[in-house]
Amino acid sequence: MGIYLTFAAGVTTALLTAGPPLLSLAVQPSWLWFFALAAMLFAGITVAVVIRSYQLVRPEALSGSARYLSALAVGLMCALVVAPMAYMARLAYISRNVVNSVFATSTTPVPVDPWKGRERFNILLIGADAAPNRPGVRTDSMTVASIDTTTGDTVLFGMPRNLEDVPMPPGPARDRFPFGFEGEPPYRVGMLNEVFQYAEDYPEMAPRMAKGHRGPALLKRTISGITGLDITNYAMVDMRGFIEIVDAMGGVRVTVKDPIVYGRQNEGLITTGTRRLSGEEALWYGRARTYSDDYIRMGRQKCLLNAVVKQADPVTVLSSFENLAHATMNAVSTDIPQELLPKLIDLSSKVKNSRIKSFQFVPPLINTGSPDYDLIKSKVADILAEPPAPPVMAAGRNDSGDSGRRGRARHEEQSVGEISGQKAVTLDTVCR
């Protein structure tokens, strides 16, 4: 029992303080099978020891009732031994299902060191707005996360959904739209958030790609051309699934600068102050435009991303693991291969402890109706060439309100809208 308790305490401590090496094993299906089998084998051996020990030490003169009570005590002890091991095996089984469900195996070998020769890893983060009464997928939230593979310092480049005349990548897409994306006929104005669904509706836009993969492939190539970055992967979260993920985390804590009206019928109000938002409230915090606009809500979305990254600690994840796993399998799609996951775990630990900066390509810098795409590309290059920002001091909060519609929008723009300005700013500063 001493060996068992020591083992159980060691495993619990390792789970709650899991570092990258252990976490990297937890995203490899073969190791997950090993963990599950090892846990059940250890439980079986320990149960056998408990039962054999009882057989060796039980008094011979026990009466019928005493014999039953002693057997019951042994049974309870066996249950106590098996329960944590069975739970560990279940966690491993669920983890394996998540990995196999969300992440595909790579069709090409993944290098032992995928970051060798790569200064940055660029991934497209997509928030998809799909609903039963609205056919198709609108990628209303598009952010390129550019991560320094050495330090983990990250810049989030916000792409407005309403960018027009988007230059298409070489191939069938540019052949059809040589002067920029025009959208679904008979419309003559196409926006960036329509590219995904257009590729899904017209397979010739992404030849040899299966349904469900055409949209992400064309959108990645399109935004790569806009930014000049080599975007290799994407991760997309459905907005309804986002609610489940945040609720599974127990909510997310953010600072609300101004009251935010939420709900399709304006049925709720998120009041000012630092508070923990439910999944529904967090969704509307990131998407509401009442007394606001697209660009201000883009700023809130970056603050929300920052909060989720900082608050997804091992204790939070383990305490609601099954709910998180279920939400992830239902809401997340990505082309990140399973073989890359261990290295991404290492990189994510650096990101979590680094400075996350944001830059938005919005007015007045960029006129979304007639964008200067050369300027966007040069801005990206300039920002990534900047030296790392020094550590920031805690910023004071301005919770003063304004009852008028214009006043609220103006005040919100001064606070969250800072990350929609002319320079990249550190999210930990402006999101307090």
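Modeller: A definition first: a patch is made of residues with over 30% relative accessible area and no salt bridge, and nonpolar side chains are joined into one within 5 Å. Please keep in mind that this is a predicted model.

Biologist: Which residues form a nonpolar patch on the surface?

Modeller: Trp33, Leu37 and Tyr93 do, and together they have about 340 Å² of accessible area. Leu37 belongs to helix 3, residues 29–57.

Biologist: Is Leu37 buried or exposed?

Modeller: Leu37 is exposed, because its relative accessible area is 56%, and the cut-off for exposed is over 50%.

Biologist: Where does UniProt place the feature "transmembrane region"?

Modeller: The unreviewed UniProt entry places it at residues 34–54 and 66–87. In the model, residues 34–54 are 100% helix, with end C-alpha atoms 30 Å apart. Residues 66–87 are also 100% helix, and there the end C-alpha atoms lie 32 Å apart.

Biologist: How many helices and strands are in the chain?

Modeller: The chain has 16 helices and eleven strands. Of its 432 residues, 45% are buried.

Biologist: Turning to the strands, what encloses strand 5?

Modeller: Strand 5, residues 252–256, is largely enclosed by the rest of the structure, because four of its five residues are buried. Five bridges join strand 5 to strand 8, residues 273–277, and the two run antiparallel. Within this pairing, Val252 stands opposite Leu277 of strand 8.

Biologist: A change of topic: how many salt bridges does a search of the whole structure find?

Modeller: The search finds six. Side chains of opposite charge can pair when their charged atoms come close. One of the salt bridges is between Arg120 and Asp148, at 4.0 Å from N to O. That pair links strand 1, which holds Arg120, to strand 2, which holds Asp148, across 28 residues of sequence.

Biologist: Is Arg120 buried or exposed?

Modeller: Arg120 is buried, since its relative accessible area is 19% and buried means under 20%.

Biologist: What does Asp335 form with Lys220?

Modeller: Asp335 and Lys220 form a salt bridge whose closest N and O atoms are 2.5 Å apart. Asp335 lies in the loop between strand 9 and helix 13, and Lys220 in helix 7, so the pair ties together parts that are 115 residues apart in sequence. Asp335 is partly exposed, at 28% relative accessible area, whereas Lys220 counts as buried at 12%.

Key:
Residues are numbered from 1 along each chain as its sequence is written. This is a predicted model: local features need pLDDT of at least 70, side-chain atom pairs count only at pLDDT 80 or more; totals for chains, interfaces and linings use all residues. Side-chain values use heavy atoms; hydrogens and water are left out. UniProt positions are given in the numbering used here, feature names are shortened, and annotations may be inferred rather than shown by experiment. Patches are made of residues with over 30% relative accessible area and no salt bridge: like charges are joined within 9 Å, nonpolar side chains (Val, Leu, Ile, Met, Phe, Trp, Tyr) within 5 Å. Accessible areas come from the Shrake-Rupley method with a 1.4 Å probe; for residues, only the protein chains shown count as cover. A salt bridge is a side-chain nitrogen of Lys or Arg within 4 Å of a carboxyl oxygen of Asp or Glu. Buried means under 20% relative accessible area, exposed over 50%, partly exposed in between (1.4 Å probe, protein chains only). Two strands pair if DSSP finds at least two bridges between them.
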